[in-house]
Amino acid sequence: MQPQPPRRRIRPPRVAALASVTALTFALSTSAGTGHLSPSTTAGAGPISLGRVPAALGPCMISGDGSIQMSEGVPTISGYSRSTGTVHALTLMVDFSDAPGPGNAMDRFHEFFPQTQKWFRTSSYGRLDYRPETPITHWLRMPKPFKAYGIERGAPFDPGYRDLVQDIVAGADPAVDFRSYDLLNVLVTPNAGPSALDTVLSVTFAGNKDAPVADGVPVANASFVYSRQDDGSGSYDRTGYRVLPHENGHVFGLPDLYTQEGGGAVGHWDIMSEDWGADNDLLGWHKWKLGWLDASQVSCAAHRGTNEYELTPLARAGGPKLVFVPLSRRSGYAVELRTRGGNDEAVCRPGVLIYRIDASVDTGMGPVTVYDSRRDSGGCTRSPNVQAELSDAPFVPGEVFKDPKHGIQIAIASADLSGHYRIRVTRQ
Ligand SMILES: [Zn+2]
C-alpha cells in the first residue's frame, strides 16, 4: 500500500476575523426602504427551539461566561439565525471589475446548491428547511475593484468589509427585500483573491450586534465564501460545497473546532472542525444545541452511581442520541454513537465517540476535544483531507473510558444486531 502523503494543514484559521467581529461599529444606510434584514427573523425566535427542557437535563446545560465570543453553551444566546423550521437564505453572487465572474452567476450558486440544502435536511432530520433564494440571478458587480477593498486573511475584521457589505446592500437594494431573509450568503466570484490552497478567506459574521445596518436593521448573520476548496484530490465536485454549511454553522451559533494547529482536536467528526474532504456530520452536542434533537433523545448523567443508557446511530432519525456527563457548570463529556450513514461518509471505525466540551473555551481555541480510543495508531482512514489519527477514535464494546480525577468511567457494554449500543456510566 502507498504511504499517505504528508498532510497539509487543511484549514487555515479564520479565527482572527471572527474574534474581532465585535470591533465593528459602523452604520450603513441605504436610500430606499427595501434593504434590511429583519429583526423578526434574525433575532426573533432565537437560534434554537429546545422546547421544554426537563429539570433532569438542567445540570447538563453548560454555559460560558460573558467573555466568550462564540460558546458551546446550551442554549445558544440570542442574536444568531434560527436553526429550525424554514430558514430563508438570501444568496448573492458578487464580482468585481478586476475579477469578473466567469460565466453565469447561477453556475457559482450551483456549486453550493442543492447540496447545502440537502446537507442541512439530512443532518437536522428534516427540522431545518433551508431555502436558498436568489432574487438576483446575475453577478452583482461591486463598484470598486476587489483589490480596493483590501480583504486579506487573518486581518482583524477588515475595514474593507465595511465598504463591501455597504456596496452589496446598496447594489442589491432595488431588487431585494431584506426583511424576507434570515441570513445572507455572499458567494464571491472564485477568481477574486488567493486560491483556497494558499489562504482561506471564507468567513462569517454571526450574531454581530454591531453589524452593518440597513434601514435600522443589522445584517447580523452573513457568510462570505471565496475561491474554491479544491485540493486536487478530485473530490471538489462532490465536496467543495461544504465550506458553506460550515460557514452557516456560525450563523446558527456554532464555534470553530479547529485550532491554530488544525483539526487535531476533533478530526473529521464535525464540519465545524473539518470542511474539506469527505462529507461529515455535526457532533450530537451541536445537534442538540441547534434544536435538532428532542429533550427525550438526550440524557444527563449527573447522578452518582452506575447508570445504563442506550444509544442509536446519530446518522439515523429517532431514538436516544446523546448522553452528557457534566463535570461542572461549564464543561462535561458528551457520548454518542457514530456510524457510516447520513452525512457521515468517511466513518471507518463505527462506535461510541466520547468528547469533552468546555463552554468557557472560545471559538478556534479548542472548545471540544475528542478522546482517541487508540492513541497514536495512525487512524483507519485514507480519505483525502480527513484527519487520520482520530478516525478510529470511537470506543467499541468492551472498551472503557476512564477519568480517575473526576471518578468517571464510561464503559461500552454491548451492541445489538439492530445497531443499538448500551453504555454504562459510573460516577463516584
Ligand atoms: Zn469557521
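**Entry 1: strand S4**

S4 (residues 183–188) and S8 (residues 222–225) run parallel and are joined by four bridges. For the terms I note that two strands pair if DSSP finds at least two bridges between them. Helices (H or I, at least four residues) and strands (E, at least two) are DSSP runs, numbered from the N terminus.

The model is a predicted one, in which local features need pLDDT of at least 70 and side-chain atom pairs count only at pLDDT 80 or more, while totals for chains, interfaces and linings use all residues. Residues are numbered from 1 along each chain as its sequence is written.

I then checked S1, which is parallel to S4, with six bridges between them. Here Val94 is opposite Val188 in S4.

Is S4 mostly covered, or open? Six of its six residues are buried; buried takes 20 or more other C-beta atoms within 10 Å of a residue's own, exposed takes 12 or fewer, partly exposed is in between, and the C-beta atoms are placed from the backbone. In a regular strand the side chains alternate between the two faces of the sheet. I listed Leu183, Asn185 and Leu187 on one side of S4 and Leu184, Val186 and Val188 on the other, all buried.

**Entry 2: core and contacts**

I looked up the largest nonpolar core and got 103 residues. Such a core is a set of buried Ala, Val, Leu, Ile, Met, Phe, Trp, Tyr and Cys residues joined through C-beta atoms within 7 Å. Val186, Val323, Phe324, Ala334, Val352 and Ile423 have the most contacts inside this core. At least three of the core residues come from each of domain 1 (15–62 + 78–255) and domain 2 (285–427); the domain bounds come from an automatic or database domain assignment.

For Val323, neighbours within four places in sequence left aside, I found contacts with Ser299, Ala301, Tyr309, Leu311, Val335, Ile423 and Val425. A contact means C-beta atoms, placed from the backbone, within 7 Å. In the chain, 72% of the contacts with a separation of 6 or more are between residues 24 or more positions apart. Of the 428 residues, 50% count as buried. I also noted nine helices and 17 strands in the chain.

**Entry 3: the five-stranded sheet**

I read the strand order of an open sheet of five strands as S9-S11-S12-S13-S14, with mixed pairing. Strands S9 (298–300) and S14 (368–370) each have a single partner strand, so one side of each is left without a neighbour in the sheet. S13 (residues 351–358) pairs with S14 in the antiparallel sense over three bridges. Val370 in S14 is the bridge partner of Tyr355.

**Entry 4: backbone exceptions**

Most residues other than glycine have a negative phi, and most peptide bonds are trans. I looked for departures.

- The bond joining Val74 and Pro75 is cis, with omega about 0°. Pro75 is in the loop between helix H2 (39–44) and strand S1 (85–95).
- The bond from Phe113 to Pro114 is also cis, omega near 10°. Pro114 is in the loop between helix H3 (105–109) and helix H4 (115–123).
- Tyr125, not a glycine, has a positive phi of about 55°. Tyr125 lies between H4 and strand S2 (128–133) and is partly exposed because it has 18 C-beta neighbours inside 10 Å.
- Asn385 has a positive phi near 65°. Asn385 lies in the loop between S14 and strand S15 (400–403) and counts as buried because it has 21 C-beta neighbours inside 10 Å.

Definitions and conventions
Two residues are in contact if their C-beta atoms, placed from the backbone, lie within 7 Å.
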